[in-house]
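Please look through the sequence and the model below.

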Amino acid sequence: MARPVWSGALSLGLVTVPVELYPAVADHTIHFHQFERGTSDRIRNRRVNERTGDEVTQDEIVKGYDLGSGDHVLVEPDELDEIAPERSRRIDIEQFVELDEIDPWFYDRTYWLKPAKEDFAKAYGLLLQAMDRSEKAGVAKFVLRGKEYLCAVRAGEDVMVLNTLHFVADLRKPKDVMGGLPSLPKPRPKELDMALSLVDEMTAPWKPDDYRDEYSERVEKLIKAKKQGKEIAHEEEPEPSADVVDLFEALSRSVKNRKGGSKEAKKPAKKKGSDLEDLSKSDLDKLAREQGVKGRSKMTRAQLEKALKAS
C-alpha cells in the first residue's frame with residue numbers, strides 16, 4: 001500500500017476530520033540511466049559546491065533567493081515551515097462551487113483523501129455523501145512540501161478527491177504567450193451546421209480504458225528486442241494530409257464516413273422521465289440542445305434532467 005504524502009485535518013465549519021492524502025496518479029514513464037557512449041560508465045548528477053568542487057549532502061543545503069548582482073538571502077527549510085504552521089496541517093474549506101464552474105485550465109494534480117482514523121468515518125462519510133449529492137466542490141488552500149496550493153475537494157470513486165488547482169496568477173493568457181490572437185473569419189452557417197453534425201457523429205461515452213500510452217509500449221518493445229539482439233521494424237510515416245480546398249465538402253465527407261463506420265456514436269433516443277437517468281451527461285447536453293433548452297451549458301446533470309422533463 002502506498003504511503004500518504006501528507007496528513008492533517010479537513011475542516012468544514014465546526015466539523016474537523018483527520019485525513020491522509022495519497023497520490024491518485026502513478027508515473028508510468030519509462031526511465032533510463034545515462035551512460036557515456038561506447039562505455040559502461042554511468043553518468044550521474046551530483047550536488048557540488050561550485051567554488052570547491054566538493055559534493056554536498058542534502059542536509060547541508062539551504063535555500064537562497066536571488067537579489068541580483070550575485071547577492072542572495074539565505075533561508076532555512078525550518079524557517080519556511082514556521083511561517084505557515086497551521087495551514088500546513090489543515091485543509092480549510094472556504095466555500096463550495098459548482099463543479100462545472102471550474103475550468104479544466106485550473107486543474108493540476110489529483111489525490112485521494114481518506115480518513116486517518118476509523119473514529120471519524122461517520123463524519124467523513126457524511127461530508128462525502130453531501131458533496132456527491134450536491135455535485136459541488138469545496139475550495140480550500142493548504143501547504144504541501146513547502147508550497148501553498150489552491151485545491152478543490154469533491155466526491156469520486158467512493159472516496160474524497162482532492163485536485164490541486166493553479167492560482168490565477170500562474171495562468172498565462174493566450175495573447176501573452178502567442179503575442180496576439182489569430183484572426184478568425186466567421187464561418188458560413190452551413191459549414192457550422194456540418195461541423196456540429198460531425199461533432200455529434202463523433203460523440204460517444206467517455207471510456208478511458210480505450211486509450212493507452214502507445215509510445216511507452218513501443219519503447220518497451222524496442223527494449224525487449226534489443227535485449228534479444230533483434231532489430232525492430234519501424235512503422236512508416238502516415239501520408240501527409242491534403243490541403244482542404246472546400247471546407248464544406250470535407251466536412252460532409254467526414255460526416256458520411258462516420259455514419260458508414262462506427263455505430264457506437266449515435267444520437268440518443270429522445271427519452272422522458274426515469275429513462276433520462278440512464279443517459280450520460282453529454283447525451284443529456286445533446287438532448288437539451290436539440291430541444292432548445294436555454295442555459296444548458298451551465299446546468300448540472302440534475303438540472304438538465306429537470307429541464308428536459310419539463311420541456
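Helices (H or I, at least four residues) and strands (E, at least two) are DSSP runs, numbered from the N terminus. The model is predicted: local features need pLDDT of at least 70, side-chain atom pairs count only at pLDDT 80 or more, and totals for chains, interfaces and linings use all residues. Residues are numbered from 1 along each chain as its sequence is written, and side-chain values use heavy atoms, with hydrogens and water left out.

The chain has eight helices and 11 strands. Buried means under 20% relative accessible area, exposed over 50%, and partly exposed in between (1.4 Å probe, protein chains only). Of the 311 residues in the chain, 23% are buried.

Contact means heavy atoms within 4.5 Å. Leaving out residues up to four places away in sequence, Gly64 touches His72, Val73 and Leu74. Gly64 is also 12 residues from Glu76 in sequence, and the two are 8.8 Å apart in space, C-alpha to C-alpha. For Thr164, contacts beyond four places in sequence include Phe106, Tyr107, Phe142 and Cys151.

A nonpolar core is a set of buried Ala, Val, Leu, Ile, Met, Phe, Trp, Tyr and Cys residues joined through side-chain atoms within 4.5 Å. The largest such core has 23 residues, of which Leu10, Ile91, Leu113, Phe142, Val153, Met160 and Leu162 touch the most other members. Among the elements that each supply at least two residues of this core are strand S1 (6–12), helix H2 (121–134) and S11. Another core, of 10 residues, lies apart from it and includes Leu279 and Ala307.

Helix H4 (residues 189–201) and helix H6 (residues 247–260) have axes that come within 9 Å and cross at roughly 25 degrees. Axes are lines fitted to C-alpha atoms, for helices over the stretch in contact, and angles run from 0 to 180 degrees between N-to-C directions. H4 is therefore roughly parallel to H6 (angles under 35 degrees count as roughly parallel, over 145 as roughly antiparallel, 65 to 115 as roughly perpendicular and the rest as oblique). Residues making the contact include Met194 and Leu198 of H4 and Leu251 and Val255 of H6.
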